[in-house]
Amino acid sequence: MVKLVECVPNFSEGRDEAIVEQIVEEIRRVEGVKLLDYSSDKDHNRSVVTMIGDPKKVKTAMLNAAKKATELIDMRKHEGAHPRMGAIDVVPFIPVSDMTMEECVELANEVGKEMGDMGIPIYLYENAATAPHRTNLAKVRKGQYEGFFEKIKEADWKPDYGPEKMNEKTGATAVGARVYLVAYNVNLGTNDIEIADAIAKKVRFVGGGLRFVKAMGIKLEERDIVQVSMNLVNFEKSRIYQVFEMIKMEAKRYGVSVVGSEVIGAIPLQALVDTAEYYLQIENFDISQIIEKQLLE
């Protein structure tokens with residue numbers, strides 16, 4: 001079996017296509033690394049990149065992309081709807097084949113150390129976290145770029161790698177190891193951010209909602225609508241269709257309709273199969289019935 005790891009770095013640039021392309025090109029140039037997907041959002045002002053390959057080669061591609069991002073992105077000028085604390089905001093490693101979570105943690109530490117040597121404060125999160133309060137990315141990123149100039153001085157928030165002073169240009173970065181995550185957003189037919197916030201609170205786990213859902217309300221200025229932006233950290237236990245139906249139900253309380261949804265980055269096939277089974281009421285379906293899957297095996 002081939003050893004493969006997936007890496008899904010999020011960069012705090014989603015409006016300047018030239019900058020995004022230069023960063024992505026650093027990944028394309030590394031042989032043995034496959035660029036699965038990359039997408040940018042102007043309202044979020046953020047780009048999500050998905051790559052897969054041999055761990056050593058993915059490490060090289062990630063560090064090259066990080067170097068380019070530090071050259072081109074200036075957090076002192078950054079504005080966007082999505083929470084962020086750095087130019088290279090988050091770098092998760094996900095085991096794919098013949099790769100353990102422990103090996104992903106080791107890889108996160110290697111990359112974190114080298115990014116720290118670039119002058120970026122690094123925080124390890126999820127399975128790579130060095131303390132319980134650093135496991136949850138939302139807690140690590142709380143305060144965002146602007147708040148980190150003071151947060152980094154606190155004893156509980158000393159960086160795992162890199163300088164113990166905030167880097168004004170690049171900000172700070174979270175590097176971690178985790179299982180597959182589905183970034184899924186649902187758009188609402190209103191521009192009232194309070195409605196999106198209220199629905200997000202109902203859906204997310206910390207608000208009493210679905211166990212493996214993180215959610216927040218975001219305004220999409222270009223479209224003049226709002227969005228419930230989510231991370232499904234375990235799509236097998238908190239499924240896409242469950243999230244979608246719950247948001248539709250909550251939206252009705254406010255007389256608001258769902259006008260669409262989107263997946264950001266790559267997504268496991270099983271997540272879509274589960275959704276198709278639910279809405280089509282397919283009985284006894286097996287993923288091996290998919291033609292493309294048969295051709296790849």
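Helices (H or I, at least four residues) and strands (E, at least two) are DSSP runs, numbered from the N terminus. The model is predicted: local features need pLDDT of at least 70, side-chain atom pairs count only at pLDDT 80 or more, and totals for chains, interfaces and linings use all residues. Residues are numbered from 1 along each chain as its sequence is written, and side-chain values use heavy atoms, with hydrogens and water left out.

An open sheet is built from four strands in the order β9-β10-β8-β11, with antiparallel pairing (two strands pair if DSSP finds at least two bridges between them). Because β9 (213-220) and β11 (258-264) stand at the edges with a single partner strand each, one side of each has no neighbour in the sheet. On average, neighbouring strands are turned by 20 degrees against each other, direction ignored. Strand β8 (residues 182-188) is joined to the antiparallel β11 by six bridges, and N187 stands opposite G260 in β11.

| Helix | Strands crossed | Angle |

Elsewhere, I282 lies in the loop between α8 (269-280) and α9 (291-296). I282 is partly exposed, with a relative accessible area of 34% (buried means under 20%, exposed over 50%, partly exposed in between; 1.4 Å probe, protein chains only).

Methods:
Axes fitted to C-alpha atoms, helices over the stretch in contact; angles between N-to-C directions.
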